[in-house]
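Here's a quick briefing on aromatic pairs and the nonpolar core. Have a look at the model first, then read on.

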Amino acid sequence: RTLTIDLREDAHELNRLGYSYADTVGISFDQLSHAEFFKRLLCACMNRWGLVIELVVEAFALAKLEDAQSCSLDHFVSAFAKTYRLSPAYSPFTVVDFEEAFNPEVMASLLHKEQ
């Protein structure tokens, strides 16, 4: 198995991952279980399984801390902003042309910056 994600081949696994974390913390993933969300998630995580898992864990933790009934796009926006130290207004989950706006090399450099 490769470390990179191909949405066509791995959509089912991404969906299973989301529902697995949702079941673990007892909240819903239904509103995010669709291809458009997964495209944005993969952009946010540079198509890397490890980064997807980290962001999913962070988003579900934020949802659980809020005592939310479901994990929402807002939780992923907040998790992304925290992970990359960017404004919540600038996120693959909110920007219309997200695939053009988020360069994987720049995003990787943000992850490796000293905190």
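Predicted model: local features only at pLDDT ≥ 70, side-chain atom pairs only at ≥ 80, totals over all residues.

Residues are numbered from 1 along each chain as its sequence is written, and side-chain values use heavy atoms, leaving out hydrogens and water.

**Aromatic pairs**
- The structure holds 13 aromatic pairs (Phe, Tyr or Trp rings, six-membered for Trp, with centres within 6.5 Å; planes under 30 degrees apart are stacked, over 60 edge-to-face, the rest tilted).
- Phe-80 and Phe-93 have ring centres 6.4 Å apart and planes at 80 degrees, so they pair edge-to-face.
- Phe-80 sits in helix α4 (73–84) and Phe-93 in the loop between α4 and α5 (98–101), so this pair ties together parts 13 residues apart in sequence; helices here are DSSP runs of H or I, at least four residues, numbered from the N terminus.
- One aromatic cluster includes Phe-80, Phe-93, Phe-29 and Phe-38.

**Nonpolar core**
- The largest nonpolar core has 36 residues, and Phe-93 is among those with the most contacts inside it (a core joins buried Ala, Val, Leu, Ile, Met, Phe, Trp, Tyr and Cys through side-chain atoms within 4.5 Å).
- Helix α3 (49–65) gives this core its largest share, 8 residues.
- Beyond its neighbours within four places in sequence, Phe-93 is in contact (heavy atoms within 4.5 Å) with residues including Arg-40, Leu-41, Leu-55 and Phe-76.

Conventions
Helix = DSSP H or I, 4+ residues; strand = E, 2+ residues; numbered from the N terminus. Buried < 20%, exposed > 50% of the residue type's maximum accessible area, 1.4 Å probe, protein only.
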